[in-house]
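Let's walk through a structure together, one feature at a time. Have the sequence and the 3D view open as we talk.

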Amino acid sequence: MSIYITNTYVLGGIASKAQNLVTEEAKKLGIEEIRIPYIDYESEDRNNMSNKIDGILTGITSGDTIIYQSPTWNDPNFDIFFMNKLLGIGNLNIIIFIHDIRPMMFLTEQINMPSYIELFNVANYLIVPSKNMAQYLGEKGVTTPMVTQYLWDSNKEMVFQEVPKLKKQINFIDSDAKFMISRNFPINSDVTLDLYGRKNDEMVRAENINYHGFFNEYNLLHELHKGGFGLVWTEDMYWREYMKYNTSFKTSTYLRAGIPLIVHESISCRKMIEDNHWGIIVNSLAEAVEKVKAMTVEEYNSYVKAIQEVKYSLENGYFTKKVLVDSVYKLFVQ
């Protein structure tokens with residue numbers, strides 16, 4: 001029996017980073033990669049597409065295990081087409097590793113949710129981002145057993161010479177325009193907002209808001225490690241609802257940088273953050289600012305010390321390895 005994992009290789013951004021990270025850790029466990037290309041489902045001739053997928057699946061035989069990273073970010077109908085090809089081989093063990101669910105992300109795709117439920121129900125196991133997602137899918141009719149991921153790894157080995165220091169500074173990485181941070185951040189405060197990402201026309205200009213632009217991963221981690229807090233947040237209510245279910249890469253980036261988190265009380269990994277003393281839980285940016293202003297050096301250092309304990313797991317991909325091993329193990333041992 002062989003074990004394979006899919007990887008869509010034309011992606012960019014976080015979607016590509018996520019699939020590549022999982023594939024990288026899977027290979028360390030002896031799992032082989034299946035590379036999925038971008039296919040224009042609407043214009044592609046069905047015979048040509050069928051032949052392409054047959055070529056991709058060459059060598060896979062009855063009894064093998066397929067870990068399918070979902071979504072592929074091809075047309076949603078491609079996933080159904082591909083899954084039917086897998087089912088046609090017969091007697092495969094199928095694990096779907098859910099990174100995101102498109103109908104939950106995009107209003108225009110909500111009509112496709114029944115197709116995803118059907119897709120998830122043909123699998124033997126699902127890897128889901130959070131307990132909240134597992135409950136949500138169960139309520140939608142998914143009956144497939146599930147393993148929970150909880151947290152992304154940040155598997156870049158880093159050596160820091162110093163320890164993060166308490167600063168009245170809240171760092172945010174990602175799109176300020178999308179998540180509407182600067183527009184809702186208290187500007188009459190000595191707590192600064194430091195933004196890392198694309199500049200936008202709507203960004204508020206204020207004395208306590210600093211824009212740093214893009215950094216590569218290595219430099220970003222070193223910059224964040226200097227101190228302050230890492231913000232995982234959105235003021236967009238649609239995305240805040242989705243953050244109850246998905247797993248954010250930002251969480252792991254800040255933890256890998258060694259700085260305490262600031263998260264909304266509804267975030268999917270709230271319990272893990274509380275149980276491990278990784279940061280503060282608040283209901284508003286104003287509350288976050290007040291908590292930062294009131295924090296003592298001793299309290300800050302207690303967070304830094306607790307976060308240091310997860311360093312080894314994050315940089316060595318153990319969250320990813322664990323869900324892969326757990327899901328394969330559960331296929332054969334009940």
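Q: Where do Lys322 and Asp326 lie, and how many residues apart are they?
A: Both sit in helix H15, 4 residues apart, or about one turn of the helix. Helices here are DSSP runs of H or I with at least four residues, strands are E runs of at least two, and both are numbered from the N terminus. Before we go on: this is a predicted model, where local features need pLDDT of at least 70, side-chain atom pairs count only at pLDDT 80 or more, and totals for chains, interfaces and linings use all residues. Residues are numbered from 1 along each chain as its sequence is written, and side-chain values use heavy atoms, with hydrogens and water left out.

Q: What do Lys322 and Asp326 form, and how far apart are the closest N and O atoms?
A: The general idea is that side chains of opposite charge can pair when their charged atoms come close. Lys322 and Asp326 form a salt bridge, with the closest N and O atoms 2.6 Å apart. The term means a side-chain nitrogen of Lys or Arg within 4 Å of a carboxyl oxygen of Asp or Glu. Lys322 counts as exposed at 52% relative accessibility, while Asp326, at 22%, counts as partly exposed. The cut-offs are under 20% relative accessible area for buried, over 50% for exposed, and partly exposed in between (1.4 Å probe, protein chains only).

Q: Which parts does the pair Glu25 and Lys321 tie together?
A: Glu25 and Lys321 form a salt bridge, and their closest N and O atoms are 2.6 Å apart. Glu25 lies in helix H1 (residues 13-28) and Lys321 in helix H15, so the pair links parts that are 296 residues apart in sequence. Are they buried or exposed? Glu25 is buried, and so is Lys321.

Q: How many salt bridges does the structure hold?
A: It holds 18. One more to look at is Glu274 with Arg270, where the closest N and O atoms are 3.2 Å apart. These two are 4 residues apart in helix H11 (residues 270-276), so about one helical turn separates them. Glu274 is partly exposed at 41% relative accessibility, and Arg270 is partly exposed at 30%.

Q: What about the inside: which residues have the most contacts in the largest nonpolar core?
A: Start with the general idea: in soluble globular proteins, nonpolar side chains tend to be buried together. Here the largest nonpolar core has 89 residues, and Ile96, Phe120, Leu137 and Trp278 have the most contacts inside it. Such a core is a set of buried Ala, Val, Leu, Ile, Met, Phe, Trp, Tyr and Cys residues joined through side-chain atoms within 4.5 Å. Another core, of 19 residues, lies apart from it and has Ile3, Val22, Phe97 and Ile127 among its members.

Q: What does Val22 touch?
A: Val22 lies in helix H1 and is buried, with a relative accessible area of 0%. Leaving out residues up to four places away in sequence, its contacts (heavy atoms within 4.5 Å) include Ile5, Gln69, Phe97, Trp152 and Leu324.

Q: Which residues make the nonpolar surface patch?
A: Met1, Leu29, Val325, Tyr329, Phe332 and Val333 make a patch of about 600 Å². Phe332 is in helix H15 (residues 318-332) and is partly exposed, at 47% relative accessible area. Patch residues have over 30% relative accessible area and no salt bridge; like charges are joined within 9 Å, and nonpolar side chains (Val, Leu, Ile, Met, Phe, Trp, Tyr) within 5 Å. Areas come from the Shrake-Rupley method with a 1.4 Å probe, and for residues only the protein chains shown count as cover.
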